[in-house]
Amino acid sequence: MHELSLVGELIEEVEQRAAGHTVALVVIRHASTISEETLRQAFAMLAADGPLASARLACEQFEIVLTCPACGFVGVLDHDHLAGHVRVCPQCGDISGDSQLPEMELMGVVTD
């Protein structure tokens with residue numbers, strides 16, 4: 001499950017930034033191709049026994065938009081047309097390795 005690895009990396013980064021303090025809030029942005037509920041479940045599971053156990057996760061969603069150089073399609077990609085940094089045009093099937101926004105970004109950490 002890709003989301004578990006994303007959240008695992010998130011937790012590692014938050015713990016480093018918190019520097020031993022208890023974390024109250026973690027603020028992230030995530031691609032609309034990732035289910036917020038899945039992120040919340042992974043966060044709760046992976047943070048349960050550590051300094052983030054009582055932390056609240058605040059999520060803001062963003063869309064990944066593709067402009068296809070092959071056919072000119074411009075539109076929002078869904079989960080079926082995105083695999084890591086690889087984007088597949090839903091109109092013509094062209095594969096683009098263009099780097100855009102990451103699937104998830106850590107926006108802030110609030111400690112007690």
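Let's start in the loop between α1 and β1, where you'll find Ala19. (Helices are DSSP runs of H or I with at least four residues, strands are runs of E with at least two, and both are numbered from the N terminus.) Keep in mind that this is a predicted model: local features need pLDDT of at least 70, side-chain atom pairs count only at pLDDT 80 or more, and totals for chains, interfaces and linings use all residues. Residues are numbered from 1 along each chain as its sequence is written, and side-chain values use heavy atoms, with hydrogens and water left out.

Ala19 has a positive phi of about 50°, although it is not a glycine. Most residues other than glycine have a negative phi. Ala19 is also exposed, with a relative accessible area of 58%. Here, buried means under 20% relative accessible area, exposed means over 50%, and partly exposed is in between, using a 1.4 Å probe and protein chains only.

Now for the sheet. Three strands form an open sheet with mixed pairing, in the order β2-β1-β8. β2 (56-62) and β8 (104-111) stand at the edges with a single partner strand each, so one side of each has no neighbour in the sheet. From one strand to the next, the twist averages 15°. Two strands count as paired if DSSP finds at least two bridges between them. β1 (residues 23-31) and β8 pair in the antiparallel sense over seven bridges, and Arg29 stands opposite Glu105 in β8.

Contact means heavy atoms within 4.5 Å; axes are lines fitted to C-alpha atoms, for helices over the stretch in contact, and angles run from 0 to 180 degrees between N-to-C directions.

| Helix | Strands touched | Angle between directions |
|---|---|---|
| α1 (residues 2-18) | β1 and β8 | about 35° with β8 |
| α2 (residues 36-47) | β1, β2 and β8 | about 155° with β2 |

What about the inside? A nonpolar core is a set of buried Ala, Val, Leu, Ile, Met, Phe, Trp, Tyr and Cys residues joined through side-chain atoms within 4.5 Å. The largest one has 19 residues, and Leu10, Ile28 and Phe43 are among those with the most contacts inside it. α1, β1, α2 and β8 are the elements giving two or more residues to this core, and α1 gives the most, with six. A second, separate core has nine residues, including Cys68 and Cys89.

Finally, look at Arg87 in strand β6 (residues 86-88). Arg87 is buried, with a relative accessible area of 2%.
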